[in-house]
Amino acid sequence: MKKRQMVIKQRSQISNTSSSWTTTTSSAISNVRYVECQKNHAANIGGYAVDGCREFMASGDAGTDEALRCAACGCHRNFHRKEVDTEVVCEYSPPNA
């Protein structure tokens, strides 16, 4: 899960003689999942056949080469369809009067 935070400050003119700062804070959280395997096992004979693996499960611990191999089908993680869920949260503080 990755989290990014951005702070944006804008200067806005309220009247001709005074000015204030407006602050907007946004956080984006992304969750990545690898689902069904899309490797074509019959490509070398001109056909199309997938193995039916429904979700990527790492064969080894994070940071190792085996973490990129699926324990169920033996394919590399790149053959599995990637789903990214992103949640964005924005906070706004009104200008000081």
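Of the 97 residues in the protein chain, 15% count as buried, where buried means under 20% relative accessible area, exposed means over 50%, and partly exposed is anything in between (1.4 Å probe, protein chains only). Keep in mind that this is a predicted model: local features need pLDDT of at least 70, side-chain atom pairs count only at pLDDT 80 or more, and totals for chains, interfaces and linings use all residues. Residues are numbered from 1 along each chain as its sequence is written, and side-chain values use heavy atoms, with hydrogens and water left out.

**The overall layout**

The protein chain has 3 strands and 0 helices, giving the pattern β-β-β along the sequence. Both kinds of element are DSSP runs numbered from the N terminus: helices are H or I with at least four residues, strands are E with at least two. The accessible surface of the protein chain is about 7,500 Å², and carbon and sulfur atoms account for 48% of that; the areas come from the Shrake-Rupley method with a 1.4 Å probe, and for residues only the protein chains shown count as cover. Now for contacts, meaning heavy atoms within 4.5 Å. Take those between residues at least 6 apart in sequence, and 47% of them join residues at least 24 apart.

| Salt bridge | Closest N to O |
|---|---|
| Arg-33 and Glu-83 | 3.1 Å |
| Arg-81 and Glu-36 | 2.7 Å |

As for accessibility, Arg-33 is partly exposed at 42%, and Glu-83 is partly exposed at 25%. Arg-81 comes out partly exposed at 30%, while Glu-36 is partly exposed at 22%.

**Rings and the core**

The whole structure holds 1 aromatic pair. Rings of Phe, Tyr and Trp (its six-membered ring) pair if their centres lie within 6.5 Å; planes under 30 degrees apart are stacked, over 60 edge-to-face, and the rest tilted. The partners are Tyr-34 and Phe-56, arranged edge-to-face at 6.1 Å centre to centre with 65° between the planes. Tyr-34 is in strand β2 and Phe-56 in the loop between β2 and β3, so to speak distant parts of the chain, 22 residues apart. Tyr-34 and Phe-56 are both buried.

They also belong to the largest nonpolar core, which has 6 residues: Tyr-34, Cys-37, Cys-53, Phe-56, Cys-70 and Cys-75. A nonpolar core is a set of buried Ala, Val, Leu, Ile, Met, Phe, Trp, Tyr and Cys residues joined through side-chain atoms within 4.5 Å. Leaving aside residues up to four places away in sequence, Tyr-34 touches Glu-55, Phe-56, Arg-77, His-80, Arg-81 and Lys-82.

Finally, Lys-39 lies over the face of Phe-79, 5.2 Å from the ring centre. A charge sits over a ring if NZ of Lys or CZ of Arg is within 6 Å of the ring centre and within 35 degrees of the ring normal.

Key: A salt bridge is a side-chain nitrogen of Lys or Arg within 4 Å of a carboxyl oxygen of Asp or Glu.
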